[in-house]
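Here is a short walk through one protein chain. Take a look at the model first, then read on.

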Amino acid sequence: MADFHEFYPLRRHNSFGFDVRARFAAHVRSESDLLCALADPRAHGLPLVVLGGGSNVVLTRDIDALVLLMEIPGYAVVAGDDAYLVTAGAGENWHALVCRTIADGLPGLENLALIPGTAGAAPIQNIGAYGVELRERFDSLRAFDRHSGEFVRLALEQCQFAYRDSLFKREGRDRYIITAVTLRLPLPWQPVLGYAELARELAQESAAAPTADRIREAVIAIRTRKLPDPAQIGNAGSFFKNPVVAPGQRDALLARYPNLVSHVQPDGSYKLAAGWLIDQCGFKGVSDGPVGVYGKQALVLVHHGGGTGQDLLALARRIADAVQARFGVRIEPEPVVL
Ligand code: EPU
């Protein structure tokens, strides 16, 4: 039986720590809990909101919905000829999963260490860091399809992964409830060391060929230096996506701002570093009452306590408007706003 609550406080279920309540909330620890919660007459007719770790969401008001707190456990490995397939329950903590796979001799997720949140949330924004995106390590997922009322398997091609985007942020948003994710860790393992900052971090070490565990440690070291720990300061990692612009626009900006940070994409477009754009507008370390911009990484908005998601969105709007006015580029939030 899913454990069901009314007027449930969500402060501990979102990494910004906003103090809002859910009309109803259910702890979902199995697929049968999920079916029970969905069938519960108390929440009949109410909208549904699915929360994993709550680390990529801005809660702006009390939620008049049934909130599903996804806590399904599970870990299973199948060894194939060209890859290990690792299946994790949606509620498994992502970083713990990364560490467990490496400890079990299953490398491949090391660049994605220390990303907050759960395994079931990872596909939603196609998490990525230090040169690897989830889609490159993804096999399939299992989800409850609210249209058909059945559990389905969705393969890589069906999930429409793109930079910080997927089917589950678009048409699939109110349709699928992810219950398990299967990762594909290719064999033989090949380290991904192309991200300059990661290469620099590892170059300080003597080992010629770093192991997955060394890479995991290097990623943890970089992230710990630049990103606030949500247990200490409310935040959701990068608040804005890095904007992608046409080559002409990037060249024009580069002519005016020779220090512009940009990276060419496979299709010839350029990704600009939103953190750099925001930094140039003077927002780094700025506080606006209970919310602010992190002092070590301008892409991260923080909540010091006592504020609301509305306060945070107002600051985000001010930042996006300033970047637009100065650079003519619109930056978009990365988290889901509720
Ligand atoms: N920069 C500044 N000022 C700042 C922040 C960044 O000038 O305040 C410059 C840096 O010097 C660097 C460039 O911007 O040249 C890029 O910065 P960084 O390497 O820190 O990466 P990012 O583009 O800011 C992205 C992801 C992170 C991910 C890192 C590493 C997005 C929106 N963010 O950040 O993801 O960890 O790359 O791969 O794509 C997240 O999504 O929550 C997240 C933390």
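**Around Phe138**

Start at Phe138, setting aside its neighbours within four places in sequence: Phe138 is in contact with Pro123, Leu154, Ala155, Leu156, Cys159, Phe161, Val181, Thr182, Leu183 and Arg184. Contact means heavy atoms within 4.5 Å. This is a predicted model, in which local features need pLDDT of at least 70, side-chain atom pairs count only at pLDDT 80 or more, and totals for chains, interfaces and linings use all residues. Residues are numbered from 1 along each chain as its sequence is written, and side-chain values use heavy atoms, with hydrogens and water left out.

Phe138 belongs to strand 10, residues 138–145. Helices (H or I, at least four residues) and strands (E, at least two) are DSSP runs, numbered from the N terminus. Is Phe138 buried or exposed? Phe138 counts as buried, because its relative accessibility is 3%. The cut-offs are under 20% relative accessible area for buried, over 50% for exposed, and in between for partly exposed (1.4 Å probe, protein chains only). Leu185 is 47 residues away from Phe138 along the chain, yet their C-alpha atoms are separated by 8.0 Å.

Now move to Gly268. This residue sits in the loop between strand 15 (262–264) and strand 16 (270–272). Gly268 has 27% relative accessibility, so it counts as partly exposed. Ala246 is 22 residues from Gly268 in sequence, and the two are 7.8 Å apart in space, C-alpha to C-alpha.

Next comes a pocket. On a 1 Å grid over the protein atoms alone, a pocket is an open set of points where a 1.4 Å probe fits, with protein on both sides within 12 Å along at least five of seven lines; lining residues have an atom within 4 Å of a point. The second largest pocket holds about 270 Å³ of space. Its lining has 15 residues, and the closest to its centre are Leu114, Pro116, Pro228, Asp229 and Pro230. Helix 4 (212–226) and strand 13 (234–238) are the elements that give two or more residues to this lining.

Step back to the whole chain. How many helices and strands does the chain have? There are 7 helices and 20 strands. Of the 338 residues, 49% count as buried. Among contacts with a separation of 6 or more, 62% join residues 24 or more positions apart. Along its principal axes, the C-alpha trace spans about 60 × 50 × 35 Å.

How values were computed:
Points joined across faces, edges and corners; volume = space filled by probe spheres on them.
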